[in-house]
Amino acid sequence: MSEPHLEDLPCFQLYLGWRRAQALYKPALAPLLCPQRLYVLQLLEQGEPSMGDLARALDVEPGSISGLVSRMERDGLVERRRGTEDRLTVRVRATRRGETLRRRAPRRLLELHERLLAVSSSAN
C-alpha cells in the first residue's frame, strides 16, 4: 500500500475549502472585516462577553483573542471595559461602527453569493 498524500486526506480538503471561502469573502468584507472579525461582532450581538468567553467561542488561546480584539479596538469596531462584578474580567462590546458593519455584512455576502452563482451558471 502506498503512502497517502496530504492532498488526498479529507481534513486537508476541508482546510483548502475554508481557505478558498475566506479568499472569496475577504473582498466582500474589506477593508475592516474578515470572517473572524465578523464572527466576533456576531457574538457581541448577544451581549458583552468576557475575553475568555470569546476565546472559547472561537476555539483559540486567550492570547490570540487579545490580539484580535486589540486590532478591532484600534479600528473602532469594539470597546473593552472592566467587568463590574469582577475587576479582573475584561468585557467586550461592539461600537456603533462595529454594529453598522455587522448589520451590512449579510447583504454584502448575499450579493457575493449571487455573483458567484451567476458566474457558475454561465460557465455551465
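Me: Where do Glu99 and Arg102 lie, and how many residues apart are they?
Reply: In this predicted model, Glu99 and Arg102 both belong to helix H5 and sit 3 residues apart, about one turn of the helix.

Me: What do the two form together?
Reply: Glu99 forms a salt bridge with Arg102, and their closest N and O atoms are 3.1 Å apart.

Me: Is Arg102 buried or exposed?
Reply: Arg102 is buried, since its relative accessible area is 10%, and the cut-off for buried is under 20%.

Me: Which residues are linked in a network of salt bridges?
Reply: The network links Glu45, Glu99, Arg102 and Arg103.

Me: How many salt bridges does the structure hold?
Reply: The structure holds 9 salt bridges.

Me: What about Asp53, which residue does it form a salt bridge with?
Reply: The partner of Asp53 is Arg56, with 2.7 Å between the closest N and O atoms. Both residues lie in helix H3, 3 residues apart, which is about one turn of the helix.

Me: How exposed are Asp53 and Arg56?
Reply: Asp53 is partly exposed, at a relative accessible area of 32%. Arg56 is exposed, at 59%.

Me: Staying with H3, which of its residues are buried?
Reply: The buried residues of H3 are Met51, Leu54, Ala55 and Leu58. They cover an arc of only 100° around the axis, so they lie on the same side of H3.

Me: What do those buried residues pack against?
Reply: The buried residues of H3 pack against H2, H4, E1 and E2.

Me: And what follows H3?
Reply: H3 is followed by Asp59, which has a positive phi, near 55°.

Me: Now the largest nonpolar core: which members touch the most other members?
Reply: The core has 25 residues, of which Leu33, Leu44, Leu54, Ile65 and Val78 touch the most other members. At least two residues come from each of helix H1 (10-29), helix H2 (35-44), helix H3 (51-58), helix H4 (62-74), strand E2 (90-94) and helix H5 (96-123).

Me: Which element gives the most to this core?
Reply: H2 gives the most, with 5 residues.

Me: Which residues does Ile65 touch?
Reply: Leaving out residues up to four places away in sequence, Ile65 touches Met51, Leu54, Ala55, Leu58 and Val60. Among these, Met51, Leu54, Ala55 and Leu58 are the buried residues of H3.

Me: Changing topic, where is Arg93?
Reply: Arg93 is in strand E2. Its relative accessibility is 37%, so Arg93 counts as partly exposed.

Me: What salt bridge does Arg93 form?
Reply: Arg93 forms a salt bridge with Glu79, the closest N and O atoms being 2.7 Å apart. Because Arg93 lies in strand E2 and Glu79 in strand E1 (residues 78-82), the pair ties together parts that are 14 residues apart in sequence. Glu79 is partly exposed too, with a relative accessible area of 33%.

Me: Which other contacts does Arg93 have?
Reply: Setting aside neighbours within four places in sequence, Arg93 is in contact with Leu44, Glu48, Leu77, Val78 and Glu79.

Me: How far is Arg93 from Arg74, by C-alpha atoms?
Reply: The C-alpha atoms of Arg93 and Arg74 are separated by 14 Å, and the two residues are 19 apart along the chain.

Me: Back to the whole chain, in what order do the elements run?
Reply: The chain has 5 helices and 2 strands. From the N terminus, the order is α-α-α-α-β-β-α.

Me: What share of the contacts comes from residues 24 or more positions apart?
Reply: Such residues account for 49% of the contacts in the chain with a separation of 6 or more.

Technical notes
Residues numbered from 1 in each chain as written. Predicted model: local features only at pLDDT ≥ 70, side-chain atom pairs only at ≥ 80, totals over all residues. Heavy atoms only, no water. Core = buried A, V, L, I, M, F, W, Y, C linked by side-chain atoms within 4.5 Å. Buried < 20%, exposed > 50% of the residue type's maximum accessible area, 1.4 Å probe, protein only. Helix = DSSP H or I, 4+ residues; strand = E, 2+ residues; numbered from the N terminus. Contact = heavy atoms within 4.5 Å. Salt bridge = Lys/Arg side-chain N within 4 Å of Asp/Glu carboxyl O. Arc of directions from axis to C-beta.
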